[in-house]
Amino acid sequence: MTSDAASARPDPTAEVVDLCRDLLRIDTTNTGDNDTSVGERRAAEYVAEKLAEVGVESVLHESAPGRANVVARIPGTDPSRGALLVHGHLDVVPADADEWSVGPFSGELRDGYLWGRGAIDMKDFDAMVLAVVRHWQRTGVRPPRDIVLAYTADEEAGSDYGARFLVENHRDLFDGCTEAIGEVGGFSYSVNDNQRLYLIETAEKGIDWLRLHAKGRPGHGSMVHDDNAVTALAEAVARIGRHRFPVVVTDTVRAFLTEVSDLLGIELDPDDPETAIAKLGPIANIIGATIRNTANPTRLSAGYKDNVIPGRATATIDCRSLPGQSELLERQLRELVGPDIAIEYVQRQPALETTFDGDLVEAMSAALRAEDPGARPVPYMLSGGTDAKAFSQLGIRCFGFAPLRLPADLNFSALFHGIDERVPVDGLQFGVRVLDRFLRTC
Ligand SMILES: [Zn+2]
């Protein structure tokens with residue numbers, strides 16, 4: 001009898017492993033091209049089915065054939081409160097099987113880890129949320145406020161077929177949502193055996209992708225020529241690539257560095273945060289990118305024949321701006337490239353920044369501390385972008401909070417889009433316990 005009861009009500013920390021493995025086994029590679037991207041529909045149907053099994057109705061919206069999104073609403077006990085949006089994307093970046101130790105879509109369980117593309121970005125969180133909701137439905141738990149679940153397509157290629165599509169075409173699904181949690185936050189960074197920072201994302205840099213266009217006089221490659229588009233473009237690209245933009249310490253980064261310096265016993269000079277950041281080991285590259293605007297040349301294109309000087313040349317620059325700095329960055333770039341190069345924006349999405357305070361932050365911190373007494377929650381800024389950019393357009397206050405306790409020696413940031421992406425099973429189970437507590441008190 002007891003075994004029947006147990007099988008009718010699986011433990012969410014056990015079930016999360018199966019859910020995550022199932023999702024990892026669905027190849028949802030997003031190539032950035034609708035013709036070659038796969039699996040999002042299957043993954044969306046899987047999620048909808050797992051929700052339906054426990055009585056949660058969801059809606060599935062396709063933005064283009066195969067590009068599927070699933071949204072559901074769990075009613076809370078106090079409808080007068082704003083809803084909490086919990087969002088996760090189902091797509092993953094491509095993986096080259098030849099480079100991996102296991103099949104990237106095998107969902108293999110090995111050495112205490114679940115392996116596969118998407119294991120930390122972000123089928124782990126997708127599975128955790130499913131596990132918690134299924135457990136609640138089986139045991140009659142209701143959250144204090146409405147919780148809107150959104151499982152999206154296309155995050156890895158700019159969200160046009162996922163979060164942006166939903167925000168632009170089905171915004172009623174998010175009625176009443178005031179706050180949101182999603183990816184790239186809530187993970188641990190071990191300071192010592194007893195203390196772990198948990199980085200909660202409260203800010204994201206802006207995305208400012210631009211194309212430089214140089215024009216010149218076309219001509220024969222054998223002659224004297226003083227108006228070469230390739231030369232002009234190359235000079236502008238080199239100036240941008242070598243430029244270091246000034247350090248600007250935002251409120252989020254200041255709060256992070258103050259806490260970290262205190263914990264590590266490092267002297268923090270606000271005018272020289274790089275010295276403190278250099279001592280952070282594997283997360284130095286995450287934090288280091290958030291103290292200034294950056295601009296990295298990523299593509300070059302010019303010419304069609306070895307002995308013909310082309311009339312045009314173009315380059316793409318991947319720029320990331322600090323909150324409130326997009327216009328300033330544009331002026332800085334304009335100055336760097338000079339008057340003869342045209343600048344065209346191909347992608348411009350605003351930076352986000354919210355404060356690290358309020359009831360929701362308290363609930364996150366309390367849930368982390370309850371499951372890890374050595375937890376020190378800190379705010380941080382992500383140098384990349386997530387679906388939060390789209391959802392923030394609805395006036396939703398967005399956080400990155402996908403709780404995960406990680407082993408001290410795991411280089412977590414290298415696993416994002418990396419080879420042998422994997423998530424520790426005990427970390428996944430920790431995440432379920434933290435989310436369960438947090439969502440009951442959100
Ligand atoms: Zn992601």
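Author: Histidine 417 lies in the loop between α13 (412-415) and β19 (422-424), where helices (H or I, at least four residues) and strands (E, at least two) are DSSP runs numbered from the N terminus. The model is predicted, so local features need pLDDT of at least 70 and side-chain atom pairs count only at pLDDT 80 or more, whereas totals for chains, interfaces and linings use all residues. Residues are numbered from 1 along each chain as its sequence is written, and side-chain values use heavy atoms, with hydrogens and water left out.

Although histidine 417 is not a glycine, its phi is positive, at about 65°. The loop between α13 and β19 also holds aspartate 420, a residue other than glycine whose phi is likewise positive, near 60°. Their surroundings can be described by relative accessible area, for which buried means under 20%, exposed over 50% and partly exposed in between (1.4 Å probe, protein chains only). Histidine 417 counts as partly exposed at 43%, while aspartate 420 is buried at 13%. As background, most residues other than glycine have a negative phi, and most peptide bonds are trans.

The peptide bond joining aspartate 121 and methionine 122 is cis, with omega about -10°, and methionine 122 sits in the loop between β5 (113-115) and α4. Histidine 89, in strand β3 (residues 83-89), and glutamate 183, in the loop between β7 (177-182) and β8 (187-190), are 94 residues apart and link distant parts of the chain. Both histidine 89 and glutamate 183 are buried.

Strands β3 and β7 run parallel and are joined by four bridges, and leucine 85 has alanine 180 of β7 as its bridge partner. Four bridges also join β7 to strand β18 (residues 397-400), again in parallel, with cysteine 398 of β18 as the bridge partner of alanine 180. Five of the six residues of β7 are buried, so this strand is largely enclosed by the rest of the structure.

If neighbours within four places in sequence are set aside, phenylalanine 256 is in contact (heavy atoms within 4.5 Å) with residues including Leu197, Leu199, Leu280 and Tyr380.

Charged pairs complete the picture, with 31 salt bridges found in the whole structure, each being a side-chain nitrogen of Lys or Arg within 4 Å of a carboxyl oxygen of Asp or Glu. One of them joins the side chains of lysine 389 and glutamate 204 at 2.9 Å, N to O. This pair links distant parts of the chain, 185 residues apart, with lysine 389 in helix α12 (residues 388-391) and glutamate 204 in strand β9 (residues 196-204). Lysine 389 is buried at 2% relative accessible area, and glutamate 204 is buried at 0%.

Arginine 440 and aspartate 436 also form a salt bridge, their closest N and O atoms being 2.8 Å apart. These two residues are separated by about one helical turn, because they are four residues apart in helix α14 (residues 425-440). Arginine 440 is partly exposed, at 37%, whereas aspartate 436 is buried, at 15%. Elsewhere, Glu15, Lys50, Glu53, Arg134 and Arg138 are linked in a network of salt bridges.

Conventions: Two strands pair if DSSP finds at least two bridges between them.
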